[in-house]
Amino acid sequence: DRFKSKGNYGNWDSTLKHLTGYTSVRILFKNIDEKFCEGFKNYLINDVTKKNGDKLSTSSISSYFNKFRASLKQAVKERIISFNPSTDIKLPKIIEKEREFELWKRYKAGDRQALIELLDSLAPLIHGQVGKFAGVGLPRVSIEMEAKRLAIQALDTYNPNLSQLNTHVTNYLKKIQRYVIKHQNVAQIPEPRAIALGRYLT
């Protein structure tokens, strides 16, 4: 599983690095208990810092700990240990903006699954923009497909130094207006009304 994409491999690699930093020595599965798991979670929260000195985001903490948890689950499956001691460990609530940014970084690193998760997270934003064009004479599915195309285009051109991810995606989704005006049934919506529609949505 860890080799399916560069982004996924990177997460597994980082998890191993942080686990090594936490233990300092090699540890056997049989010696990992709930106290160890709780300690690793707190280590990720309180002790690990990024290159710029910032603490890990809640999304990163969740991602790394869940990789650790998946390893324990696999160990149970292979009967190396009898139960997963991390099952009841509660993680910090993920802040959605942080999660989306982490997904974007994974997508840019080549993780296609991250794109699927990111589009799913952005779905309320996408559907909100699509809903503005209800009743314009175009099938909703065609507008949704254009909206997803624009959303992916926004993700490909996003620069975190210039704006928030949601703001950038929203600005790109405004281009749906051009698609609607170009493809709508002009017999149903005369040009003056199309122009008025454009002004209203600008």
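Me: Where is Pro 85 found?
Reply: In this predicted model, Pro 85 lies in the loop between helix H3 (58-77) and helix H4 (96-108).

Me: Is Pro 85 buried or exposed?
Reply: Pro 85 has a relative accessible area of 5%, and buried means under 20%, so Pro 85 is buried.

Me: And what does Pro 85 touch, leaving out residues up to four places away in sequence?
Reply: Pro 85 touches Ile 32, Asp 33, Glu 34, Cys 37 and Leu 72. Take Cys 37: Pro 85 and Cys 37 are 48 residues apart in sequence, with 7.1 Å between their C-alpha atoms.

Me: Switching to rings. How many aromatic pairs are there in the whole structure?
Reply: The search finds 9 aromatic pairs. One of them is Phe 101 with Trp 104: the ring centres are 5.7 Å apart and the planes are at 20°, so this pair is stacked. Phe 101 and Trp 104 both belong to helix H4, 3 residues apart, which is about one turn of the helix.

Me: How accessible are Phe 101 and Trp 104?
Reply: Phe 101 is partly exposed at 28% relative accessible area, whereas Trp 104 is buried at 8%.

Me: What about Trp 104 and Tyr 158, why is that pair edge-to-face?
Reply: Their planes are at 85° and the cut-off for edge-to-face is over 60 degrees, so the pair counts as edge-to-face, with centres 5.0 Å apart. Tyr 158 sits in the loop between helix H7 (140-157) and helix H8 (165-173), while Trp 104 is in H4, so the pair ties together parts 54 residues apart in sequence. Tyr 158 is buried too, at 8% relative accessibility.

Me: Which residues form an aromatic cluster?
Reply: Tyr 22, Phe 36, Phe 40, Tyr 43, Phe 65 and Phe 68 form one.

Me: And what sits over the ring of Tyr 172?
Reply: The charged end of Lys 175 does, 3.8 Å from the ring centre.

Me: Nice. Now the largest nonpolar core: how many residues does it have?
Reply: It has 27 residues, and those with the most contacts inside it are Ile 126, Ile 143, Leu 155, Val 169 and Ile 176. H4, helix H5 (112-121), helix H6 (123-131), H7, H8 and helix H9 (176-183) each give two or more residues to this core. H7 gives the most, with 6 residues.

Conventions:
Residues are numbered from 1 along each chain as its sequence is written. This is a predicted model: local features need pLDDT of at least 70, side-chain atom pairs count only at pLDDT 80 or more; totals for chains, interfaces and linings use all residues. Side-chain values use heavy atoms; hydrogens and water are left out. Helices (H or I, at least four residues) and strands (E, at least two) are DSSP runs, numbered from the N terminus. Buried means under 20% relative accessible area, exposed over 50%, partly exposed in between (1.4 Å probe, protein chains only). Contact means heavy atoms within 4.5 Å. Rings of Phe, Tyr and Trp (its six-membered ring) pair if their centres lie within 6.5 Å; planes under 30 degrees apart count as stacked, over 60 as edge-to-face and the rest as tilted. A charge sits over a ring if NZ of Lys or CZ of Arg is within 6 Å of the ring centre and within 35 degrees of the ring normal. A nonpolar core is a set of buried Ala, Val, Leu, Ile, Met, Phe, Trp, Tyr and Cys residues joined through side-chain atoms within 4.5 Å.
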